[in-house]
Amino acid sequence: MNSNLSPREIEQLSSLLDETLPLPEATRLRARLEREPALREVYEQMRQGRSLLRRLPARRAPHNFTLKRNMVGVRPPAPRLFPAFQWSAAFSAALFLLTWGWNGLMGGGAAFGAAAPLAASAPQAEAPLAAEPLPTEESLSIMAAPEETPAPEMRILAPKAQPTALLFAAPPAEAGGAESDPSAKSAPATEAPPAGNPSASMSPLTLLFGGLTLLLLAAAWSLRWRAEYKFRQGK
Amino acid sequence: MNETALIQEAQNGSLEAFNRLVLAYQDALYNTALRVLGDEDRAADATQEAFFSAFRNLHTFRGGSFKAWLLRTVTNACYDELRRQKRRPTTPLEPHNGDDDEMESPRWLADPSMTPAEKAEADELEHAIQHCLNALPLEFRAVVVLADIQGMDYTEAASILRSPLGTIKSRLARARLRLRECLQEFWELLPAAFRLQKEAQ
């Protein structure tokens, strides 16, 4: 019988079974079922098959398929105050960098200003030495005498930590003394701090902002960790 | 809480709300997967995967039948499972009970009102029907499971399988015809009412 049925007829039988066939077509098909036993047999067997499928036992799920948080990567919602701490830390960090940079510029300028007289006076110290003619035996003997005179002055000056400029700004007469005492020449070079030293530009305000940034970051991290811990505990 | 509110809450990220929906629909999804795949373990895997996918893609649900939307997800998971099976065929093992003896029928099928003989008959009939379902091409099988087992109408089945309505009608008709031919081989297993009807004809 199947080989005699067209795909359209099979589809009509199936639609009749589901009562989705338009009324005129359904009436014509029912009339055919009355007249044709073979067609009726196919229809009945399709109906029985559908009935068996509907009678299949509905299996219960073997276990619960509910999802766990770690299975789906669900993160806990951020605590309410977390964004506030985050933004505050960012703002504080920006202020820290700003003050640090500012102090660095200003402190570097001052350092450069302190070094200027040193640099300016160095050629002055060198000039008399360069301009001075080579000493002769007579001049050496003359110079030997006043050697003792400047020495006490220098000894007095050194403990007071006079500005470097003053040492070389002294009258040219002392240049010879300075020459004979190389430690006086070299000492100023070690006393001036190097220009642009970062440690010199960390003002209290910079340190304050730096500390505040760290504190805010620690608070934000602590809030987040606590929220995640509670979330994992299922609270 | 009604279903619409649960869905909305789940779409807002509430895993608890989603799990309540899982509990409401897991039997229907598991049954569908079981009848399409014909294997309990694969059906369980497909069902779990379907719920994962549903949670991840819940934002794409725009209203309508949530059951139909979930059935679409599990059908897709079954197709994926069958493609995986083709690449790596495995022999399904029979489930074992606590004493390591093979179980002939799953425990959860036990119906206290049935005699052992009735249970054995019911089990055999179920195996016969599943055998005939497994013999159908996948696209026919999916339509039959959705329409005749899950009770979806043509439009819902077409929506779930993303196929035209005419295609669904045609596939369902051909599937029912093939099932009829297959079930004839197990005529002796058919319930008495069916056998008597046939004899009367």
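The lining of the second largest cavity comprises three nonpolar, two polar and four charged residues. Here Ala, Val, Leu, Ile, Met, Phe, Trp, Tyr, Cys and Pro count as nonpolar, Asp, Glu, Lys and Arg as charged, and the others, Gly among them, as polar. The model is predicted: local features need pLDDT of at least 70, side-chain atom pairs count only at pLDDT 80 or more, and totals for chains, interfaces and linings use all residues. Residues are numbered from 1 along each chain as its sequence is written, chains are lettered from A in the order in which they are written, and side-chain values use heavy atoms, without hydrogens and water.

The whole structure contains two cavities of 30 Å³ or more. A cavity is a set of points on a 1 Å grid over the protein atoms alone where a 1.4 Å probe fits but cannot get out; lining residues have an atom within 4 Å of a point. Volume is the space filled by probe spheres set on the points, which are joined across faces, edges and corners. The second largest cavity has a volume of about 30 Å³. Its lining draws on both chains, with Gln45(A), Met46(A), Gly49(A), Arg50(A) and Leu53(A) among the residues, alongside Asp148(B), Arg176(B), Leu179(B) and Arg180(B). Helix H3 (37-55) of chain A and H8 of chain B each give two or more residues. H3(A) gives the most, with five. Helices are DSSP runs (H or I, at least four residues), numbered from the N terminus.

Contact (heavy atoms within 4.5 Å) between the chains takes 49 residues from chain B and 39 residues from chain A. The two chains bury about 4,100 Å², 61% of it on carbon and sulfur atoms. This area is the accessible area (1.4 Å probe) lost on being put together, summed over both parts.

Five salt bridges cross the interface. A salt bridge places a side-chain nitrogen of Lys or Arg within 4 Å of a carboxyl oxygen of Asp or Glu. Arg59(A) pairs in this way with Glu40(B), with the closest N and O atoms 3.3 Å apart. On the side of chain B that touches chain A, 27 residues are nonpolar, 10 polar and 12 charged.

Over all chains, the structure holds 16 salt bridges. In one of them, Glu9(A) joins Arg32(A), with the closest N and O atoms 2.8 Å apart. Glu9(A) lies in helix H1 (residues 7-17) and Arg32(A) in helix H2 (residues 23-35) of chain A, 23 residues apart.

Key
On a 1 Å grid over the protein atoms alone, a cavity is a set of points where a 1.4 Å probe fits but cannot get out, and a pocket is an open set with protein on both sides within 12 Å along at least five of seven lines; lining residues have an atom within 4 Å of a point.
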